Amino acid sequence: MTTVNAVAALDGLPISDPASLQDVRVEVPRLRPHDVLVRVEAVSVNPVDVKVRTGLGPQEVPRVLGWDAAGTVEAVGEAVTSLSVGEEVWYAGDVTRPGSNTELQAVDERIVSRKPTSLSFAEAAALPLTSITAWESLFDRLRLGPGSTGTLAVLAGAGGVGSVLVQLAKQLTGVRVVAGAGKPESRSWVEDLGADAVFDHHDLVASLGEVAPDGVELLFSPNSAGNVEAFAQVVKPFGHVVAIDDPVGLDLFPLKSRSIAWHWELMFTRPVHQTPDLAEQSRLLGEVAALVDAGRVRTTMTTAIDDFSAAGLREAHRLVETGRTVGKVVVHR
Ligand SMILES: NC(=O)c1ccc[n+]([C@@H]2O[C@H](COP(=O)([O-])OP(=O)(O)OC[C@H]3O[C@@H](n4cnc5c(N)ncnc54)[C@H](OP(=O)(O)O)[C@@H]3O)[C@@H](O)[C@H]2O)c1
């Protein structure tokens, strides 16, 4: 049995516990027909890593987390047609399969693309999961395009997803983009990314009212819990909200009077449900890579931890758990 180094959770322990993420050896994955085997050079940590880790009970098999990676193709499955050995790739992956916190990961070619050539592995690893989420929110759920008009409010504009979504909305749609920020660092970050105006998302109705006095047609929400009443005040009649968080038991009734539409976006829907359009994720990652190489979208990496081990990943989880990071935290070799 050939094994490789990986970092895994064996139980849902607090991140301050050194046993919360451990250095382990795991078997080299067996490839499914459409899989590529990737030598992972860099990963980024997302809130989903924290949610999966903290939700675990005792594990018989170590659970390898990590759903954002950049690396090099080392082998290909028998049905692979789009990628070859030696190509540099990026991807988020599939939450139902072992993640990217490992030396060698198997991932379906239909959710992988070549990485931007202008970025290092670390700079690239910051982007895939959040780019897929932002792209699907803007273009699949809200169906925006170059001719779209109106104002889009982006809550948590400096968060991982918001940082890509602001850039894609400015580059590829006609809407005015107003970004939510709490702290001064978030405010200057979203201004640098191209936001047309900034509001304080912790004082949503009053602050958004200052930059969009007539309300907004579109709202992106990574923070829906406790905010639906406010959304019903700031979103115009027949407007749209796209939400990506997990507010269990959310009551949407306040939106009825204005006939406001609610869209869910989950970037794992395609891989988890093996939808017929699975390869759209490869295609959209390729489009984002081209935008990056054209200088139209930039990496959102703000912290790079040069320690691809349990200790390095514990530090990355600790930072992401604060819920206050600007941009993305990356761990690389
Ligand atoms: N459905 C999907 O496919 C999908 C994909 C990715 C992420 N998600 C989920 O979406 C959420 C955000 O993800 P992310 O990666 O963007 O998170 P993140 O990078 O951790 O977001 C951090 C930012 O959130 C802002 N923030 C913190 N609390 C806030 C609040 N109550 N209201 C508004 N903004 C707040 C902070 O800005 P200030 O400090 O300046 O306030 C901070 O800059 C998470 O729950 C994540 O699990 C879902």
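Modeller: Buried means under 20% relative accessible area, exposed means over 50%, and partly exposed lies in between (1.4 Å probe, protein chains only). This is a predicted model, where local features need pLDDT of at least 70, side-chain atom pairs count only at pLDDT 80 or more, and totals for chains, interfaces and linings use all residues. Residues are numbered from 1 along each chain as its sequence is written, and side-chain values use heavy atoms, without hydrogens and water.

Colleague: Why does Val154 count as buried?

Modeller: Its relative accessibility is 0%. The cut-off is under 20%, so Val154 qualifies.

Colleague: Where is the place of Val154?

Modeller: Val154 belongs to strand E9, residues 151-154. Strands (E, at least two residues) and helices (H or I, at least four) are DSSP runs, numbered from the N terminus.

Colleague: Which residues does Val154 touch, not counting those up to four places away in sequence?

Modeller: Among them are Gly162, Leu165, Val166, Phe199 and Phe220. Contact means heavy atoms within 4.5 Å. Ala179 is also touched by Val154, and Ala179 is the residue opposite Val154 in E10.

Colleague: How do you know that E9 and strand E10 pair?

Modeller: Two strands pair if DSSP finds at least two bridges between them. E9 and E10 (residues 176-180) have 4 bridges, in the parallel sense. They belong to an open sheet of 6 strands, ordered E11-E10-E9-E12-E13-E14, with parallel pairing.

Colleague: What makes E11 and E14 edge strands?

Modeller: E11 (197-199) and E14 (261-264) each pair on one side only.

Colleague: Why is helix H4 called largely enclosed?

Modeller: Of its 13 residues, 10 are buried, so the rest of the structure largely encloses H4. The buried ones include Gly160, Val164, Leu168 and Ala169.

Colleague: What span does H4 reach, and what is expected?

Modeller: H4 (residues 160-172) reaches 19 Å from its first C-alpha to its last, close to the expected 18 Å. The expected span is 1.5 Å times one less than the number of residues.

Colleague: Which strands does H4 lie across?

Modeller: H4 lies across E9, E10 and strand E12 (216-221), and runs at about 165 degrees to E9. Axes are lines fitted to C-alpha atoms, for helices over the stretch in contact, and angles run from 0 to 180 degrees between N-to-C directions.

Colleague: What makes H3 and H9 roughly perpendicular?

Modeller: Their axes cross at roughly 105 degrees and come within 10 Å. Angles under 35 degrees count as roughly parallel, over 145 as roughly antiparallel, 65 to 115 as roughly perpendicular, and the rest as oblique. H3 and H9 are therefore roughly perpendicular.

Colleague: Which residues of H3 meet H9?

Modeller: Pro128, Ser131, Ile132, Trp135 and Glu136 do. Their partners in H9 include Leu284, Val288 and Leu291.

Colleague: Is Leu13 buried, exposed or partly exposed, and how do you know?

Modeller: Leu13 is partly exposed, at 23% relative accessible area. Leu13 sits in the loop between strand E1 (3-9) and strand E2 (22-27). Beyond four places in sequence, Leu13 touches Ala19, Ser20 and Arg53.

Colleague: What makes strand E16 mostly covered?

Modeller: 5 of its 5 residues (328-332) are buried. Lys328, Val330 and His332 lie on one side, with Val329 and Val331 on the other.

Colleague: Which strands do bridges join to E16?

Modeller: Strand E3 (residues 35-45) is joined to E16 by 4 bridges and runs antiparallel. Strand E15 (residues 301-305) also has 4 bridges to E16, but the two run parallel. Val330 is the bridge partner of Ser44, and Ala304 stands opposite Val330.
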